[in-house]
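Trainee: Before I plan around this chain, could you take me through how its strands are put together?
Mentor: Gladly; let us have the structure in view and go step by step.

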Amino acid sequence: MSESSQTGRRRFYLSFIYGLWALLSAALTAPALVYLLLPPKLRNREDWVEAGDIDKLADHVPLELTFRQTRRDGWKLSSEQRTAWVVKLGSQVVAFGPQCTHLGCAYHWEPKGEFLCPCHSSVFGPDGRVISGPAPRPLDRYESRTENGKLWVRALKESEPTS
Ligand code: FES
């Protein structure tokens with residue numbers, strides 16, 4: 001066998017080994033880079049889920065709906081039970097997160113027409129604004145939309161502090 005054909009073969013094997021090494025490195029590094037460089041908000045995606053029937057929802061009379069939502073965090077999928085207080089305000093339907101914006105206690109609807117948090121007595125109107133108490137901001141809202149008498153919700157958005 002001539003020396004030039006041995007050199008050619010050696011070059012071919014070296015190129016093949018380096019190419020394979022580069023391919024394996026890229027396959028191992030790419031997921032780590034995606035995890036490290038993408039902001040958490042892009043990784044924690046929540047899809048639209050049907051929260052329930054709102055056909056019989058009366059104006060300014062909240063209804064508590066329970067639904068399951070799948071949360072995607074990187075490659076991990078988890079299914080969680082969630083609740084929302086849903087209120088019809090004229091032509092608009094709003095879905096509030098179930099926790100008080102003070103320290104996160106569960107609040108409830110009072111027949112006199114307001115949401116009351118029993119922990120430190122924050123009171124919210126049917127539209128979620130703070131009426132009294134230490135709560136620093138209105139109730140948080142789910143992104144929501146209605147379709148054929150059903151309410152669909154997505155991520156819970158934090159409300160802006162009351163100025
Ligand atoms: S947690 Fe609701 S008022 Fe404090």
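Trainee: In which sense do β4 and strand β5 pair?
Mentor: This is a predicted model, and in it strand β5 covers residues 92-96 and is joined to β4 over five bridges. One of the residue pairs is leucine 89 with its bridge partner glutamine 92 in β5. The sense in which β4 and β5 pair is antiparallel.

Trainee: Which residue in the turn of the β4 and β5 hairpin has a positive phi?
Mentor: The hairpin leaves two residues between β4 and β5. In that turn, a positive phi of about 70 degrees belongs to glycine 90.

Trainee: How many bridges join strand β3 to strand β4?
Mentor: Strand β3 takes in residues 63-73 and strand β4 residues 76-89, and the two run antiparallel. Within this pairing, leucine 65 has alanine 84 of β4 as its bridge partner. The number of bridges joining β3 to β4 is eleven.

Trainee: What distance separates the centres of domain 1 and domain 2?
Mentor: The domain assignment places residues 3-37 in domain 1 and residues 43-157 in domain 2. Taken over C-alpha atoms, the centres of domain 1 and domain 2 are separated by 52 Å.

Methods:
Residues numbered from 1 in each chain as written. Predicted model: local features only at pLDDT ≥ 70, side-chain atom pairs only at ≥ 80, totals over all residues. Domains from an automatic or database assignment. Pairing = 2+ DSSP bridges. Helix = DSSP H or I, 4+ residues; strand = E, 2+ residues; numbered from the N terminus.
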